[in-house]
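Let's take a friendly walk through this fold together. Have a look at the picture first, then read on.

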Amino acid sequence: MKTVLITGATGDIGTHLARELSGRYKLRLSDRRPLKAKNFVKADITKMADALRITKGVDAIVHLAGYSVEGPWEAILQANIIGCYNVFEAARRNGVKRILFPTSNHATGFYRRDQTIDHRVYPKPDSRYGVSKVFGEALGSLYADKYGMQFLMLRIGNVNPMPLDKRRLSLWFSPRDLAALVTIGIEHPDIKFEIVYGVSGNKRTWYDNSNAVRLGYRPQDDSEEYAAEVLAREKPGNDPIAEKYQGGIFCTAEEVPNPAVPKKGKRK
Ligand code: 15L
């Protein structure tokens, strides 16, 4: 059984993924926040020594750790630029070849909603956060070409048991489709450097995800099932730029509430 490291394992996506993949792989879960689990290793990826420690002896890495929304440059720099570099470089030094990186729909968030984009479009980030995801894509491309490492870049929409709102009807990524695409990323024998969209088979999609299909992805879920319910509770938007572009509020906001920041008194 392959050993797979999941960084950022206490986050939303990490929690769904660890649940979906348990039993399929020997998982090593890691985060800087604590988690009560036997296979958990606490680590801060902004420190190279920690990145080297957690990446040792694994077959593949799903690198989820990072600052997950638009926010202050210093926070993004530490978590998404320095942290990403440390994990990719530590993997190289430890001889780990395969890395799955959740880039984001925000790497291409300034494409309009009336456009359908595929994996070949040039990035149009909608935020500093989006820029940091483009950095991860570029670093992976360099490490694939220069060092022969293998990368699956998943431009993730929004992982949730159900789509949250109208915008997410086009972006929804169900936990089981996430697990299916990640499994392809771990198992596929011919990945060098690939970009795919991490979304379910949504009727309202903005993506031509033929590269994922080519690799064997057959999504089970479609947000359309929830569309009537989601649209019925949708309030009219008052930000024409956010409404026009795929990235939504990330296109105009300087900060988006960060789900990773513990609420006072809730987490230690
Ligand atoms: C993302 O990249 C974020 O990590 C997530 O928190 C959501 O904001 C998502 O995009 C989205 O666009 O819905």
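Start with helix H8 (residues 224-233), whose buried residues are Tyr 226, Ala 227 and Val 230. Here, buried means under 20% relative accessible area, exposed means over 50%, and partly exposed lies in between (1.4 Å probe, protein chains only).

On the face of H8 turned away from the buried side, you will find the exposed residues Ala 228 and Ala 232. Helix H5 (166-169) and strand E8 (172-173) are among what covers the buried residues.

## The sheet

Now turn to the open sheet, where seven strands follow the order E3-E2-E1-E4-E5-E6-E9 with parallel pairing. Strand E3 (40-42) and strand E9 (193-198) are the edge strands, each pairing on one side only. From one strand to the next, the twist averages 20°.

Strands count as paired if DSSP finds at least two bridges between them. Helices (H or I, at least four residues) and strands (E, at least two) are DSSP runs, numbered from the N terminus.

How many bridges join strand E5 to strand E6? Seven bridges link E5 (residues 98-104) and E6 (residues 150-156), which run parallel.

## About the model

This is a predicted model: local features need pLDDT of at least 70, side-chain atom pairs count only at pLDDT 80 or more, and totals for chains, interfaces and linings use all residues. Residues are numbered from 1 along each chain as its sequence is written, and side-chain values use heavy atoms, leaving out hydrogens and water.

Notes. Axes fitted to C-alpha atoms, helices over the stretch in contact; angles between N-to-C directions. Contact = heavy atoms within 4.5 Å.
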